[in-house]
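Trainee: I would like to go through this model with you. Could we look at it together?

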Amino acid sequence: MKKLITIGTVVLCGGIIFAGNNHWNNKISAQSEKVTRNEGVIATKTKEVQTTIPKEEPIEEDKKETPTYTRNLPKELQEKISNATTTGKPLQFVIYGSEATSQEANAWPDLLRKQLVATYGDNVFNITVLSEGDKTSIDVMRTNTYEKVSELKPDLILFEPFMIKDNSSKIAMKNRIGSIEKMIATWTERNKEVTIFMQPSNPIADATYYPNQVAEIAEHAKENNIIYLNHWENWPESKDKKMKDYLTDTSEPNESGHKVWAEYLINYFVAK
């Protein structure tokens, strides 16, 4: 009987141990499966987050910034230059004025043209120089020769009114300004998008009335939102003895005069 009880106790203990072990294994298996499922969820969510991250856009090497040398120019002209650069269709640039606007080689218009080509290339500006010689503004109005400018269909005009000849011919200031207004009105009627610059004729040594007349025209330009390029800033003062070093005996620019005139314009059209 005692032996029987001992055998029963051993069997019972073995059953308890087996059941406990089986329960523990099932618990571990269930926990492991749960972890695996959770890892699958984490992995899936991580993948979803990664797909929402925007791709870095490649840098386009052919995109170029607007050249800094156009920064002095009005916005509309900067855009015209940009378009001309892109399309290869040059802008029609007319330089128009008196005999001081010389068509000769190495005169200020030629020096300006050479620098523009060197900076922008030869497909951006098509430059034409028109000189009225020693005509007064009244002569130009009577003969309508200023309309030659419109015939060239300019995109920009650099206009030098006939200040020296008007001064020596004693043309009344109201008539000079009236002529300027008429010419500009005609050009803008033909092309409302044209960009117009105005500049004085060259200074004269020991002048008395002439500087005041030029200042009056400069003020008119300012009041009418016309861009005025005052190249006199590059010249000596009228009363300065050095002024004669920049002029011929007939008060026209000599080689040095053309250079200082051109330098001012170059620094405007080609900012450094």
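Trainee: Where is His 258 placed?
Mentor: His 258 sits in helix α9, residues 255-269. Helices here are DSSP runs of H or I with at least four residues, strands are runs of E with at least two, and both are numbered from the N terminus. This is a predicted model, in which local features need pLDDT of at least 70 and side-chain atom pairs count only at pLDDT 80 or more, while totals for chains, interfaces and linings use all residues. Residues are numbered from 1 along each chain as its sequence is written, and side-chain values use heavy atoms, with hydrogens and water left out.

Trainee: Is His 258 buried or exposed?
Mentor: His 258 is buried, with a relative accessible area of 11%. Buried means under 20% relative accessible area, exposed means over 50%, and partly exposed lies in between, using a 1.4 Å probe and protein chains only.

Trainee: Which residues is His 258 in contact with, leaving aside its neighbours within four places in sequence?
Mentor: They are Ala 100, Ser 102, Asn 106, Ala 107, Trp 108, Leu 111 and Pro 253. Contact means heavy atoms within 4.5 Å.

Trainee: What does Phe 93 touch, not counting residues up to four places away in sequence?
Mentor: Phe 93 touches Leu 116, Phe 125, Asn 126, Ile 127, Thr 128, Leu 156, Leu 158 and Phe 269.

Trainee: Which way do the residues of strand β3 point?
Mentor: In β3 (residues 156-159), Leu 156 and Leu 158 point one way, Ile 157 and Phe 159 point the other way, and all are buried.

Trainee: How many bridges join β3 to strand β4?
Mentor: Four bridges join β3 to β4 (residues 195-198), and the two run parallel. Ile 157 stands opposite Ile 196 of β4. Strand β1 (residues 91-97) also runs parallel to β3, joined by four bridges, and there Tyr 96 has Phe 159 as its bridge partner. Two strands pair if DSSP finds at least two bridges between them.

Trainee: Changing topic, what is the phi of Lys 170?
Mentor: Lys 170 has a positive phi of about 55 degrees, although it is not a glycine. Most residues other than glycine have a negative phi. Lys 170 lies in the loop between α6 (163-168) and α7 (173-190) and is exposed, with a relative accessible area of 74%. Ser 251, also not a glycine, has a positive phi of about 65 degrees; this serine is in the loop between β5 and α9 and is partly exposed at 23% relative accessible area.

Trainee: Where is Pro 236 found?
Mentor: Pro 236 is in the loop between β5 (227-228) and α9. Pro 236 counts as buried because its relative accessibility is 15%. Not counting residues up to four places away in sequence, Pro 236 touches Lys 242, Met 243 and Tyr 246.

Trainee: Finally, what pLDDT does the chain average?
Mentor: The average is 84, and 75% of the residues score at least 70. pLDDT is the predictor's confidence in each residue, from 0 to 100. Over residues 1-21 pLDDT stays under 50, and the model has zero contacts there beyond four places in sequence.
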